[in-house]
Amino acid sequence: MGKLLIALLISGLAFGQAADPAKPASAAAAAAGRSPTNPVQATDSPAAATPADAPDPNPAVIPAGTKIPLSLAQAISTKNAREGDPVYASTTFPFVVNDRILVPAGTYIQGKISRVQHAGRSKQRAELLLHFTSMIYPSGYTVMLPASVENTPGADDNSVKDKEGTIQADKDTGKRIEDAAKGAAVGGTVGSIGGLAAGGVNGARYGGLAGLAGGVAWALLKHGPDVKLPVGTSIEMEIQRPISVDANRIQVARAAR
């Protein structure tokens, strides 16, 4: 009987020692947020991770080469314009990309005059170079621009001569010929009258020729026409490189209208 009790006591001690080490393992698993039967929880799954900033699937970008119609807000002329003078205009029609208005009608455009060449005698024609530097939405949101003049459909006597956007006065060859003819007629008449009074028929002949030559010279030495852009002149602006704009602030600008 004593031997049986001793054997039971030894078996109980052995069982207790075998069970105790399992408890710390269970406690450690619980502290780590895992169960012994399922050591990996759903929170550790990559599918549960959310990117902080998801990319915009449809970014708002005004492409290079975009042409936007403008209306000039002030008159400009090479007669009195100077390099560095400001230029003010506004868009006359909305520009849309992927069903989104990126430039609403009525957006303000600001620029400056980069070069002025005054009309001269003979072949030198008046020229005006201006660039657009900023775009101001009705809400006040401002975007910096690299833009130039592509065309001047609202100016009949001017044209754009190069890719830089230089506006040049048209040739006035026909007008000069007309003026030369008028000057010749007037000069010849005056010269003939003066020559007749001074030297008879021969004097009238020579006086008429001198007056004719003087009238032609006067007409041909006149300065050519200036580049003139009245208020409201239609100008086509071309964007020179892609412009990223904040679509949210554009929406605000549209609502403010």
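Predicted model: local features only at pLDDT ≥ 70, side-chain atom pairs only at ≥ 80, totals over all residues.
Residues are numbered from 1 along each chain as its sequence is written, and side-chain values use heavy atoms, with hydrogens and water left out.

Me: Why is Ser 114 called partly exposed?
Reply: Its relative accessibility is 21%. Buried means under 20% relative accessible area, exposed over 50%, and partly exposed in between (1.4 Å probe, protein chains only); Ser 114 is therefore partly exposed.

Me: What makes the link between the side chains of Ser 114 and His 131 a polar contact?
Reply: The distance is 2.9 Å. The term requires a pair of N or O atoms within 3.5 Å; within protein, one must be able to donate a hydrogen and the other to accept it, and residues adjacent in sequence count only if both atoms are side-chain atoms.

Me: Which residues does Ser 114 touch, not counting those up to four places away in sequence?
Reply: Glu 83, Leu 129, Leu 130 and His 131, where contact means heavy atoms within 4.5 Å.

Me: Which residues have the most contacts inside the largest nonpolar core?
Reply: Ile 62, Ile 76, Phe 132, Met 237 and Val 245, in a core of 38 residues. Such a core is a set of buried Ala, Val, Leu, Ile, Met, Phe, Trp, Tyr and Cys residues joined through side-chain atoms within 4.5 Å. Ile 62 is in contact with residues including Phe 95, Met 135 and Val 245.

Me: What is the average pLDDT of the chain?
Reply: The average is 73, and 53% of the residues score at least 70; pLDDT is the predictor's confidence in each residue, from 0 to 100. Over residues 22–32 the value is below 50.
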